Amino acid sequence: MKSLLLNVIRLLTVIILIQLINVNSSFAQAFGRNKVQYQKFEFKQLKTPHFTIFFYPSESTAVHLSACMLEKWYTRYSTMFGINHPESQPVIFYASQADFQQTSVIPGLISQATGGVTEGTMNRIVIPLTGVASENDHVIGHELVHAFQFAVIQSVRNYFNNFRVPLWFIEGMAEYLSSGTLSPLTSMWMRDAVVRNDIPTFSEIEKDMHYFPYRYGHAICAYIAATWGDKTLGTLFSSVIKKGWEAGFIYTLGMSADSVSEAWRKETIASYNNVPSNRNHSALTGRTLQSSKDINLSPSISPDGKFITFLSARDLFTIDLYIADASNGKIIKKLVSNESGDRYESLRFINFSGNWSPDSKHFAFVVFSNGKNAIVIEEVTTSVEKRLFHLNGADEIHHIAWSPDGRKLAVSATEGAVCNLYLYDLADKSTKRITDNQYAEIHPDWSPDGKIIAFATDYPLKEVNDTIPVGTMSIGLMNIENSTVSYLSVAQWANHINPHFSPDGDDLYFISDPDGIKNIYRYSFKDSNFYKVTDVTTGVCGLTELSPAMSVSSKKGKIVFNVFDKMNYLIQVLDSTQTRGDTFSCDYKTYLANVSLPPKGKTGDFVDNYLLTSDTGFCPEIYQGVHQYKPKLRLWYVGQIFGGITASPFGVSAGGQASLLFSDLLANHILGIGLQSTGGWQNLGGSLAYLNQKRRLNWGFMINHSPYVTSRVLDQSDSINVNGTITPVRNTTIIGERVYEDQIHGFASYPLSINRRIELRGGYLRLGYSEDAFIVKSINDTLNNFEQITIEPPSALNQMQFSGALVVDYSYNGFTGPIKGYRYRFEIQPSIGSLFFTDITADFRYYKFLRPVTLGLRFFSWGRYFGQSDENRLPQAYLGYEDWVRGYGIGSTEFSGCSSEDGSCPEFQRLLGTRVAVANAEVRVPLLGNDQFGILNFPYLPLDIIGFFDGGVAWTASEPIVWRLERRSDQRIPVFSAGAAIRFSILSVLVFQFYSAYPFQRPGEGFEWGVLLAPGW
């Protein structure tokens, strides 16, 4: 363990590896969760005219189709933006969301809600394939817009103005160019906004993330395209980048952004103002079981109709699985927590569809476990896990349906990014695939007699033409005995999802949108007619267009379902007497009217045309060969280069810092180079670091040369003879020590799970020293003499160091620091060579969330033990470091507070030691935040008010602790402080803390003020 100052200086020299790239939480900080690479991905390269595609063999079939989609979108966008990519665009495909979450290309943990990423430094597109062709096509189209946007940005020399571009414009443009004017999902959001009289301005959308930037941005871009022309969007984006936000609008559209905002608001209100609201009509919309205060998704009702399970974010940090009374919605308990555990990493919640056993005693759901999806069966009353198993051959599991006899599960799952149906036998644990084609089969459900499985599929039922969108979902009915399939469809343009049989098997319920608004429909097998069961203004819908949002009690006939309401999701219930529905009529014009974004009846002149164009035959022989991936390093990042001039008692010098980061396209290999100087060749430092993260075991090495300067001051009283008079004189000795640190070491990190890892490190360290000293003599505070003296520096240290650490992190962060959970780190580091000693670190932190207040507790101990642990050539730790015990900072010490008259200061010296122990307690109150976490809704500057109590003690092997609670003492007693602080976050990147601390062991000195740039511990 080095001194805190040494660690800070070292951090500057290796900032390229630790701070700038944040490639792996194992090496970026003492804590943090882990990205675990469970699978061994052997990537290949597929070349097309405009893309270099990276994939692994199991997804070959789906990737070749995706390559065709990429070239199709490229042709469209190169016309739209009026530019071509200067070089081959890299695209990395993963076969599933579980595989995607293991990628090294995108640093940090990846949410389940992330469907794709385009990063700008190396302009890589990274996409997990879903098994549904229409979803893949949309994500590919969306992400490629971002690639073109980056190309525009990079073509502008001075593109500072692009930081002013709001997220809604960036994402809205990508949504519009990949979805067009006809959008059931965005239209649903706009209807909801008009019904509740909340149409935001451009600036309100930018500031408040409740106005989902994808949906609102899509609507705005559709309005701009329909008013000024589709290709105007590309011109507008380029103008905004070059000229700035306001000037770009005026230059391109001839109107200010505020004027366009007001025009869009008026047009949106006029377009939806005549929409009838059936919100309070229970016969049409059902009775509310869960309000829209929290996110409530994927309701599933038990066969006996007594209970429902659903996903909810009511615990703020995670989306968990709850069970509630189906009669009144009262929460019974949290059935499954999404907080990471050792048994499985997390609960799957995107497109989630669990299912009850026929006896209503067990519930089956999908989790992420060991890098794959797995099915868990849990006993509902006891919350005891009965079984966890993977489905042989399946990469990703979407939906589950329990057979009426309880012996089998029908499962929708992907293999090689192609979605099919499987049967899993619970008794003999065997798996059988019952469909095998390129089309998606999702949302399975069994008929009461177990002879038929209903499902949603994108199998084409119509001839593709230029007026009806392709890729719509219909209902398939498979006869289990002979595997024949028949199909149902209300209208060829409508999507049909989430089928469920009635208890008697005479009816089939499903969600569809033949009139452009998603509602529940019923098909009668007896009279072969369709009936409309609900009439919701917004829509019966989950998070995505294909998310399951309905469940039918297989014995009682009750229906529970999601309704989009106030930018959130209700859970409604219909009793069996309310599920018959009415006859209805619909036509394509009605559908268009309800899914078209304002201005109604007017569309863009380019985008909708290419979206309605047949995909048939668009993919000629575009492949230019498949090759094994061979990594090549290329420049990834240039760190901030800066320089300056510093002055000190030792002279004036110039210094600076520069860093470069290199990586291969898959980020398996990362190389960092850094240079640092504080003036002169003797102060030139540098580092070379390498990290290999191709496999689960991440490893690397670092070579480092770091000179750094510390200083200390000795103050002594003396006397001299001035003209025969003995005169008091004050001798101040300023000692400057330059330490040269040379080291080479290797490191490795092995994640046991997302929450636990083992860290290993070992290598050689040399510490060399040189010292300069000056004596300043003053009489009555007036300089009398200044002279330089020579001090023999300590001899160099040569050490071999080894360390091992266990790191565990189950905490959750707020805006300025952790607010829930716990984490700890235990590390031991023996060192042999010139000296023998062992560093031992123990750090435990606990956070109790008492919504919205957090109680934080920390105990930290570091010590150098055994052998020459007190050797004076080794730096000591300083207890008054502001992140340990506030109020005792180095700069706060006054000589007037020292009890000794010989120039030493025991009150300061007791804060230095080769061993320290620290205890902290904080009460954190989020004054400013959002409406979920904050007393006041002001998310632009999240701010916590903090009350704290700090305590600690420093000691050495030869100077043990004196356990006395005293305010005045010259011994090594514990020191304490208490006070208040504010901690706030700027741009979600920088966290500042301003504090006022009263140090109890410095009586008479009053409160100390300080500032700290760091998140809360």
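Trainee: Is cysteine 221 buried or exposed?
Mentor: Cysteine 221 counts as buried, because its relative accessibility is 0%. Buried means under 20% relative accessible area, exposed means over 50%, and partly exposed is in between (1.4 Å probe, protein chains only).

Trainee: Before I go on, what kind of model is this?
Mentor: This is a predicted model: local features need pLDDT of at least 70, side-chain atom pairs count only at pLDDT 80 or more, and totals for chains, interfaces and linings use all residues. Residues are numbered from 1 along each chain as its sequence is written, and side-chain values use heavy atoms, with hydrogens and water left out.

Trainee: Back to cysteines. How many disulfides are there?
Mentor: The count is 0 disulfides. The rule asks for a pair of cysteine sulfur atoms within 2.5 Å.

Trainee: And cysteine 419, buried or exposed?
Mentor: Buried, since cysteine 419 has a relative accessible area of 0%.

Trainee: What does cysteine 419 stand opposite?
Mentor: Threonine 414 stands opposite cysteine 419 in E18. Strand E18 covers residues 418-425. Helices (H or I, at least four residues) and strands (E, at least two) are DSSP runs, numbered from the N terminus.

Trainee: How many residues of E18 are buried?
Mentor: 8 of its 8 residues are buried. Both faces are covered. Val418, Asn420, Tyr422 and Tyr424 sit on one side, with Cys419, Leu421, Leu423 and Asp425 on the other.

Trainee: Why two sets like that?
Mentor: In a regular strand the side chains alternate between the two faces of the sheet.

Trainee: Which strands does E18 pair with?
Mentor: Strand E17 (residues 408-415) pairs with E18 in the antiparallel sense over 8 bridges. Strand E19 (residues 430-433) also runs antiparallel to E18, joined by 4 bridges. Two strands pair if DSSP finds at least two bridges between them.

Trainee: What about the turns?
Mentor: E17 and E18 form a hairpin with 2 residues between them, and glycine 416 in that turn has a positive phi of about 65°. The E18 and E19 hairpin has 4 residues between its strands, with lysine 429 at a positive phi of about 60°.

Trainee: Which other residues have a positive phi?
Mentor: Asparagine 123 has one, about 55°. Asparagine 123 is in the loop between strand E4 (117-119) and strand E5 (124-128). Histidine 443 also has a positive phi of about 55°, but histidine 443 lies in strand E20 (residues 441-446).

Trainee: Histidine 443, buried or exposed?
Mentor: Histidine 443 counts as buried, because its relative accessibility is 2%. Asparagine 123 is buried too, with a relative accessible area of 11%.

Trainee: Where are the cis peptide bonds?
Mentor: One joins proline 598 and proline 599, with omega about 5°. Proline 599 is in the loop between helix H15 (588-595) and helix H16 (607-611). Another runs from arginine 851 to proline 852, with omega near 5°. Proline 852 is in the loop between strand E44 (837-850) and strand E45 (853-865).

Trainee: New topic. What is the strand order in the open sheet of 4 strands?
Mentor: The order is E6-E30-E29-E28, with antiparallel pairing. Strand E6 (287-290) and strand E28 (550-552) are the edges, each pairing on one side only.
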